[in-house]
Amino acid sequence: MKKTAKNIVLCMQPVPQTIVSCRDKDGNNNALVVGFTANISLDPAMVMVGIVPTRYSHHMVKESGCFVINLPKKSFKKEYDYLGCKSGRDGDKFAALDLKWEDATYINAPILTDCPVSIECSIVDSITPGTHELFIGKVEAVHVDEEYLDDKGNILWDKIDLM
Ligand SMILES: Cc1cc2nc3c(=O)[nH]c(=O)nc-3n(C[C@H](O)[C@H](O)[C@H](O)COP(=O)(O)O)c2cc1C
């Protein structure tokens with residue numbers, strides 16, 4: 001027999017485990033853990049990320065009009081935990097963690113090179129239905145560690161030890 005749950009917060013599980021990286025207009029990099037992510041269109045490929053307006057990253061994403069979704073491996077847990085609880089408002093998280101990064105190809109944001117998959121997105125729309133502003137991003141490129149791609153360019157998801 002079923003009963004009705006009283007606590008309905010985060011009733012969709014499992015929550016994706018991603019790290020969104022971004023850059024402000026002065027060239028400062030930042031990143032935060034984002035669980036509110038989803039695929040939302042096949043053609044054109046589009047995704048969305050939900051960011052609370054009080055997050056330090058929020059104004060960066062809003063101003064730059066772009067972001068990168070990085071998919072971490074289990075071995076990136078220490079960095080993931082830090083990026084999900086410390087704010088860039090209180091210090092440079094890239095420096096604190098000595099994060100390895102490079103410039104994205106099509107957008108003005110950093111890619112976390114220790115993550116096996118990084119998705120470059122340019123924002124095409126946003127809505128704020130509740131606590132999070134949902135940024136809809138057109139996928140400009142998906143960068144994948146060579147060992148996780150087959151010869152046709154398909155991602156070998158089963159081989160990646162994703163968090
Ligand atoms: C598992 C997990 C999931 C999270 N999901 C989100 C999310 O979807 N949106 C969001 O705005 N913050 C989310 N956060 C919180 C931010 O990652 C956190 O507040 C971070 O410190 C913000 O960094 P910033 O102030 O430098 O942007 C999540 C944190 C954790 C640990």
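1. Start with helix α1, which spans residues 56-64: its buried residues are Ser57, His58, Met60 and Val61. Keep in mind that this is a predicted model. An α-helix has 3.6 residues a turn, so residues three or four places apart point the same way. The cover over the buried residues of α1 includes strands β1 (18-23), β2 (29-34) and β4 (46-51), and also β5 (66-71), β8 (117-127) and β9 (133-144). Just after α1 comes Gly65, with a positive phi of about 75°.

2. On to the largest nonpolar core, which has 20 residues. Which of them touch the most other members? Those are Val20, Val49, Ile51, Phe67 and Ile69. Two or more residues of this core come from each of β1, β2, β4, α1, β5, β8 and β9. As background, nonpolar side chains tend to be buried together in soluble globular proteins.

3. Phe67 is worth a click in the viewer. Leaving out residues up to four places away in sequence, Phe67 touches Val20, Ser21, Val49, Val61, Ile107 and Ile119, among others.

4. Now Val34, in strand β2. Is Val34 buried or exposed? Its relative accessible area is 3%, and the cut-off for buried is under 20%, so Val34 counts as buried. Neighbours within four places in sequence aside, Val34 is in contact with Pro16, Thr18, Val20, Val49, Gly50 and Ile51. For a distance check, Val34 and Ser87 are 53 residues apart in sequence and 13 Å apart in space, C-alpha to C-alpha.

5. Zooming out to the whole chain, there are 3 helices and 9 strands, and along the sequence they run β-β-β-β-α-β-α-α-β-β-β-β. Of the contacts with a separation of 6 or more, 59% are between residues 24 or more positions apart.

6. How does the overall size look? With 163 residues, a compact globule would have a radius of gyration near 15 Å, and the 16 Å of this protein agrees with that. Along the principal axes, the C-alpha atoms fill a box of roughly 50 × 40 × 35 Å. Buried residues make up 40% of the 163.

7. Last, the surface and charges. The protein exposes about 9800 Å², with carbon and sulfur atoms supplying 52% of it. There are 18 positive and 23 negative side chains, and the centres of the two sets lie 11 Å apart.

Notes:
Residues numbered from 1 in each chain as written. Predicted model: local features only at pLDDT ≥ 70, side-chain atom pairs only at ≥ 80, totals over all residues. Heavy atoms only, no water. Buried < 20%, exposed > 50% of the residue type's maximum accessible area, 1.4 Å probe, protein only. Helix = DSSP H or I, 4+ residues; strand = E, 2+ residues; numbered from the N terminus. Contact = heavy atoms within 4.5 Å. Core = buried A, V, L, I, M, F, W, Y, C linked by side-chain atoms within 4.5 Å. Rg over C-alpha atoms; globule rule 2.2 N^0.38 Å. Areas by Shrake-Rupley, 256 points an atom, 1.4 Å probe, with all protein chains shown as cover. Lys, Arg positive; Asp, Glu negative; His and termini not counted. Charge placed at Lys NZ, Arg CZ, Asp CG, Glu CD.
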